[in-house]
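The sequence and structure are shown below.

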Amino acid sequence: MAYEKERSEMVEYQLRDRGIKDERVLAAMESVPRHLFVDEYLQSKAYDDGALPIGEGQTISQPYMVAVMTELLELKGDEKILEVGTGSGYQAAVLSMLAAEVFTIERIQPLSLRARGVLKQLNYTNVHVIVSDGTVGLPEHSPYDGIIVTAAAPHIPQQYIEQLKVNGRLVIPVGSRYSQTLYKIKKTATGISSLISTPCVFVPLIGKDGWDEKEV
Ligand code: SAH
């Protein structure tokens, strides 16, 4: 397989050395061919320590950020997960190896179609790729064990909490247009508990309960 050495080094130096501990997350990221989720001219940079453009003004997240967010979901293997912001489909592929079923929503159709093609070609068959405004979640398949939002929200949409199971986890960057904080929210029997993780910078979550397209 191409880029095996680069992928292994990414896992060792960018993930393990920086404190990612969940062995299942590390193994999934050692296995998913990240270079196939970017355009050919960027493939040699796919294992670098950063985000990369994927067209339509959007980006595939830095590997470390993918690992942090995935680890926060605490996956064991039997979960149903919702991802908002399919982008390249890379995060969805990682999730598909760690959970039972993944629903992923993207608002930009060409990105969604491309991601669906790559996921299908690589045989990640438990991922459902949907085009719609993910700020309202995906009520028809709820409740979820985990919701992961890979675009920056101005606030936490209440629908996400409603669409989680009790003990379900929501991982979401929240803040201003150019800087956010990663939150992990757990739904409890009586409300929510929240944990603040790392500072981060994501492209905006645009839609009915996110940023207005005209503002960004
Ligand atoms: N998880 C992706 C990276 C996503 S970048 C990956 O692994 O490549 C964030 C994505 O969120 C962009 O593609 C953007 O178009 C999408 N997005 C922004 N607002 C959205 C919304 N309301 N619903 C669905 N997708 C949205």
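## Ligand contacts

A polar side-chain atom of threonine 150 lies 3.1 Å from a nitrogen atom of the ligand, a polar contact being a pair of N or O atoms within 3.5 Å. The side chain of serine 88 places an N or O atom 2.6 Å from an oxygen atom of the ligand. Isoleucine 206 uses its backbone instead: one of its backbone N or O atoms is 2.7 Å from a ligand nitrogen atom. The ligand taken alone exposes 580 Å², and the protein buries 99% of this area (accessible areas by the Shrake-Rupley method with a 1.4 Å probe).

The model is a predicted one, in which local features need pLDDT of at least 70 and side-chain atom pairs count only at pLDDT 80 or more, while totals for chains, interfaces and linings use all residues. Residues are numbered from 1 along each chain as its sequence is written, and side-chain values use heavy atoms, with hydrogens and water left out.

## The shell around the ligand

There are 26 residues around the ligand, and Ser88, Glu106, Asp133, Gly134 and Ile206 come nearest; a residue counts as near if one of its heavy atoms lies within 4 Å. The shell divides into 10 nonpolar, 12 polar and 4 charged residues. In this division Ala, Val, Leu, Ile, Met, Phe, Trp, Tyr, Cys and Pro count as nonpolar, Asp, Glu, Lys and Arg as charged, and the others, Gly among them, as polar.

Two or more shell residues come from each of β2 (58-60), α4 (90-98) and β4 (101-106). Helices (H or I, at least four residues) and strands (E, at least two) are DSSP runs numbered from the N terminus. The largest share, 3 residues, belongs to β2.

## The largest pocket

The ligand sits in the largest pocket, meaning that more than half of its atoms lie within 2 Å of the pocket's grid points. A pocket is an open set of points on a 1 Å grid over the protein atoms alone, where a 1.4 Å probe fits, with protein on both sides within 12 Å along at least five of seven lines; lining residues have an atom within 4 Å of a point.

The lining comprises 34 residues, with Gln58, Thr59, Thr150, Ala151 and Val203 nearest the pocket centre. It divides into 17 nonpolar, 13 polar and 4 charged residues. β2 gives the most to this lining, with 3 residues.

## Backbone features

Serine 142 and proline 143 are joined by a cis peptide bond, with omega about 5 degrees. Proline 143 is in the loop between β5 (127-131) and β6 (144-149).

Tyrosine 3, although not a glycine, has a positive phi of about 60 degrees.

Terms used:
A polar contact is a pair of N or O atoms within 3.5 Å; within protein, one must be able to donate a hydrogen and the other to accept it, and residues adjacent in sequence count only if both atoms are side-chain atoms.
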